[in-house]
Amino acid sequence: MEEKVVLEKVMEILKPYVREPEDLKNATKETDILNDLKVNSSRLVDIILAIEDEFDIEVSDDEADEVQTIGDVISLIVGKK
Amino acid sequence: MSQINAVNMDSTNVRRVPLIVGLNSCSEEILVSRKIIIKCTIQKWLSWLFFPILAPTIIFILKYVQKNRIQDQKTIRMLFKRIAAENKTPTLICSNHLTKLDSIYIQHAFASVPFYWRHFRLFSWNIPAKENFWTNPLSRLVTYLGKCIPIVRTGPSEHHKNVMDTFRYLLSRGELCTIFPEGGRSRTGTVDVDNVRYGVGSILRGLPDYRVICVYMRGENQQGISDLPRKRDKIYFDFKVITPQSFEKGRRAEREISRRIIQTIQEMENTYFTLRKNDSSHSWE
C-alpha cells in the first residue's frame with residue numbers, strides 16, 4: 001500500500017481524537033501523537049485499535065508501545081502490509 | 001491455580017519465584033519483582049503499625065473540622081462487611097472522582113478504624129498522582145502510611161506498567177485496591193465516560209477471577225472539582241458490585257471492561273440526579 005494513502009487514512013482516524021483540529025492540519029510524519037496532538041494515552045489505544053480494524057492488521061503490545069509519531073504509525077502499517 | 005511469578009528484574013540472573021494463589025484458573029502470568037513484593041510487604045506492616053495513630057486523626061478532621069457525614073453510613077458498612085470480608089476474590093474499588101480526598105472518604109464510608117485494623121487487607125491500596133501528594137515530607141509520610149503507590153501521570157509506559165503489575169499482584173493476594181477510572185478528577189463535574197482510562201481494564205485483565213465495587217459519591221453541594229468537599233456537606237454514597245467480563249482479547253478486552261465500569265458509575269450518577277430532581281428538597285437522611 002502506498003505511503004500517501006496510508007497517511008491520508010491515518011489522518012482521518014486521528015481526527016476525532018485530536019483536541020485542536022489546527023494541530024492536525026500542520027502535522028507531519030515527525031509529529032508526536034501524545035505531546036504535539038495532545039492525545040491522551042488511552043485514546044492512543046483507541047487509535048491503534050481503529051488502525052487494526054481499518055488496515056486489517058494486528059499490533060502487539062510492544063509494537064504499540066513503540067508508537068510515538070505519525071511516522072511510526074505509517075511505518076508500522078506499511079511494514080505489515 | 002493461578003501462578004504469580006516474582007522476578008528479580010534487577011539481577012542479570014533473572015529468577016522466578018512462583019507464588020501459588022488459591023484461585024481457580026490462570027488467564028495470564030503476572031510478573032512482579034521481588035523488590036516490589038518486599039517493598040509492599042514492608043509498607044503494609046508499617047501502615048498497620050501506625051494506623052491507630054494516623055487513621056483516627058484523619059477521621060477526626062473529616063468529622064469535626066470538615067464536619068462531613070456519609071449518608072446511610074451504617075447500611076453501607078454493614079453491606080461492605082458482608083461483601084468484602086466473605087472471601088479473598090480480587091476486589092477493585094472504582095469510583096467517580098471530584099475531590100482530592102475521595103479515596104479517604106471511601107475508606108471512611110466502608111468501615112471503621114477498628115475494623116480496618118483487624119482486617120487490614122480491606123483497607124485499600126491507592127494510586128495517587130505523585131505530583132499532588134509527594135510534595136513535602138509530611139505528605140509523603142501520610143501517603144506512604146495510607147497504603148499508596150504514587151504514579152507519575154506523565155511518566156514512561158514502563159513506570160505505568162510497573163504500578164499496574166503491582167496493583168494486580170496486590171489484588172491477587174486478596175488486598176483491596178482503589179482506582180479512579182477517569183484517571184483524575186472530572187473537569188466536567190460529572191462522570192466523563194469519554195475520558196475513561198483503560199488502565200483499570202489493564203489491571204483486571206489477566207486476573208483469573210475478580211469483582212469490582214463501583215462507587216458513586218458526591219457532597220450535597222458539590223458542583224465541580226475541588227480539593228475537599230464543602231464543609232458540613234453530607235456525602236451521598238452509593239455502590240454496586242459487578243464482574244465485568246469481555247470475550248475480546250488484549251487491548252480490546254481492557255477497553256470493554258473499562259467502559260463497562262465507567263458506564264455503571266455513570267448510571268449510578270444518573271440515579272443520583274434523578275433522586276435529586278424528584279426530591280428537590282432532599283433531606284439527605
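Which residues are buried in helix α5 (residues 70–80) of chain A? The legends below take up this question and a few others. This is a predicted model, in which local features need pLDDT of at least 70, side-chain atom pairs count only at pLDDT 80 or more, and totals for chains, interfaces and linings use all residues. Residues are numbered from 1 along each chain as its sequence is written, chains are lettered from A and ligands numbered from 1 in the order in which they are written, and side-chain values use heavy atoms, leaving out hydrogens and water.

**View 1. Helix α5 of chain A and what covers it.** The buried residues here are A:Ile70, A:Gly71, A:Val73, A:Ile74, A:Leu76 and A:Ile77. Buried means under 20% relative accessible area, exposed over 50%, and partly exposed in between (1.4 Å probe, protein chains only). Their cover includes α1 (3–14), α3 (41–55) and α4 (61–66) of chain A. Helices (H or I, at least four residues) and strands (E, at least two) are DSSP runs, numbered from the N terminus.

**View 2. Where chain B meets chain A.** Chain B brings 11 residues to the contact and chain A brings 14 residues; contact means heavy atoms within 4.5 Å. About 1100 Å² is buried between the two chains, with carbon and sulfur atoms giving 35% of that area. B:Tyr198, B:Arg251 and B:Arg252 supply 62% of what chain B buries against chain A, more than any other three residues. Buried area is the accessible area (1.4 Å probe) that two parts lose on being put together, summed over both.

**View 3. A salt bridge between A:Glu52 and B:Arg252.** The side chains of this pair meet at 3.1 Å, N to O, and the rule finds 7 salt bridges across the interface of chain B and chain A. A salt bridge needs a side-chain nitrogen of Lys or Arg within 4 Å of a carboxyl oxygen of Asp or Glu. On the side of chain B that touches chain A, helix α9 (residues 250–278) of chain B gives the largest share, 4 residues.

**View 4. B:Thr89 in its loop.** You will find B:Thr89 between α2 (73–85) and β5 (91–95) of chain B. Its relative accessibility is 16%, so B:Thr89 counts as buried. The side chain of B:Thr89 makes a polar contact with the side chain of B:Asn87 at 2.7 Å. A polar contact is a pair of N or O atoms within 3.5 Å; within protein, one must be able to donate a hydrogen and the other to accept it, and residues adjacent in sequence count only if both atoms are side-chain atoms. Leaving aside neighbours within four places in sequence, B:Thr89 is in contact with B:Asp209, B:Tyr210 and B:Arg211.

View 5. Most residues other than glycine have a negative phi.

View 6. A disulfide is a pair of cysteine sulfur atoms within 2.5 Å, and a search of the whole structure finds 0 disulfides over all chains. B:Cys94 is buried, at 0% relative accessible area.
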